[in-house]
Amino acid sequence: MESYYLFSNGDLKRKDNVVRLTRQDGKYKDLKIELTRDIFLFGEVSMNTKCLNFLSQNNIPLHLFNYYGYYTGSFYPREANVSGKLLIRQVAAQTDEKKRLELAQKFVQGAARNCYRNLSYYHGRHKDVGEAMSQMKALIKLIPRTNDVQELMGVEGNLHAIYYSAWPAIFNVDTGFATRVRRPPDNMVNTLLSFLNMLTYSVCLSEIYVSQLNPTISYLHVPSERRFSLSLDISEIFKPLLVDRLIFTCINKQIVTESDFENGSNNCYLKQGAQRKILEQFDQKLKQTIMYEPLGRNVSYRHLIRLECYKLIKDLLHDEPYKPFTMGW
């Protein structure tokens with residue numbers, strides 16, 4: 001199964017048993033539906049209900065991004081795998097303050113430990129991140145002591161502030177990055193963070209779709225009417241692996257440089273050519289495999305996300321307590 005990343009202005013339509021993207025110059029690309037996991041669409045593309053119905057019938061999510069690489073939304077097909085029992089348990093865990101806090105703490109613990117592992121990796125390569133590691137280690141101990149989700153979010157915010165403060169020491173060049181700025185991103189690092197975070201969020205949504213979980217019921221992030229907040233919960237664990245490590249590599253190996261960005265009014269954009277380069281690296285990372293001890297075999301990073309969904313399901317059904325994935329190296 002493949003994820004397709006499409007850059008074009010044109011039409012996306014059903015053609016027999018394929019989805020065809022026809023560019024304005026008449027050239028086209030066919031996506032074999034039986035080999036398609038999900039589609040990431042960048043640019044101005046028109047499509048009709050016939051195409052959307054075809055995607056829905058084949059259980060294929062479609063994620064949409066604008067010209068600047070900002071995530072604008074997802075077409076989430078009608079759920080093929082549903083479980084009334086799991087839905088009841090998922091809602092019950094969300095409305096039970098104690099259980100919700102327990103799960104939220106585990107998401108933060110998993111994310112924090114993976115962030116700490118990143119710093120530990122670079123500390124072993126003589127990067128000056130030791131002070132940040134010490135501060136993070138102290139804060140990680142506070143996670144199980146938090147009394148509610150709001151207090152937990154405060155600890156998480158402090159953890160990330162310390163984590164990001166160590167990043168300039170990791171980069172081999174001066175990126176201008178000092179702190180996380182989201183709306184709008186103000187330099188190349190914040191732009192890459194926003195772009196890759198949204199990609200990871202979208203991949204998590206695709207993996208949630210093939211499970212029986214409801215993507216709108218979350219535990220760390222507050223459920224809302226206009227977002228799939230469970231994707232935000234799960235993506236927290238995987239952003240240190242898929243986003244942060246990729247940013248360190250792309251900048252230190254000069255896969256992307258300042259010339260790949262353009263500055264607008266109080267904004268920094270990733271050029272489309274650079275978006276393609278980052279997507280190629282991101283897709284390679286998703287396909288990369290590591291040894292997963294519980295199964296005793298290698299699995300891809302993408303499959304790790306699906307396994308994380310299954311672990312959460314086991315907890316909700318009282319089969320096995322949820323333990324977030326953390327890097328073992």
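These legends accompany several close-up views of a predicted model. In this model, local features need pLDDT of at least 70 and side-chain atom pairs count only at pLDDT 80 or more, while totals for chains, interfaces and linings use all residues. Residues are numbered from 1 along each chain as its sequence is written, and side-chain values use heavy atoms, with hydrogens and water left out.

**View 1. Lys-287 and Glu-2 form a salt bridge.** The closest N and O atoms of this pair are 3.2 Å apart; a salt bridge here is a side-chain nitrogen of Lys or Arg within 4 Å of a carboxyl oxygen of Asp or Glu. Lys-287 lies in helix H9 (residues 272–287) and Glu-2 in strand E1 (residues 2–7), so the pair ties together parts 285 residues apart in sequence. Helices (H or I, at least four residues) and strands (E, at least two) are DSSP runs, numbered from the N terminus. Lys-287 is partly exposed at 45% relative accessibility, and Glu-2 is partly exposed too, at 32%. For these labels, buried means under 20% relative accessible area, exposed over 50%, and partly exposed in between (1.4 Å probe, protein chains only).

**View 2. Asp-38 meets Arg-302 in a salt bridge of 2.6 Å, N to O.** Here Asp-38 of strand E5 (residues 36–42) is linked to Arg-302 of helix H10 (residues 301–316), 264 residues apart. Asp-38 is buried, with a relative accessible area of 0%, and Arg-302 counts as buried at 5%.

**View 3. Arg-306 forms a salt bridge with Glu-207.** Their closest N and O atoms are 2.6 Å apart. Arg-306 sits in helix H10 and Glu-207 in helix H7 (residues 188–210), so parts 99 residues apart in sequence are tied together. Glu-207 is buried, at 1% relative accessible area, whereas Arg-306 is partly exposed, at 22%. A search of the whole structure finds 13 salt bridges.

**View 4. Gln-105 of helix H3 makes a side-chain contact with Thr-146.** The two side chains are joined by a polar contact of 3.0 Å (a pair of N or O atoms within 3.5 Å; within protein, one must be able to donate a hydrogen and the other to accept it, and residues adjacent in sequence count only if both atoms are side-chain atoms). Gln-105 counts as buried, at 12% relative accessibility. Helix H3 spans residues 97–123 and also holds Glu-97, which counts as exposed at 69% relative accessibility.
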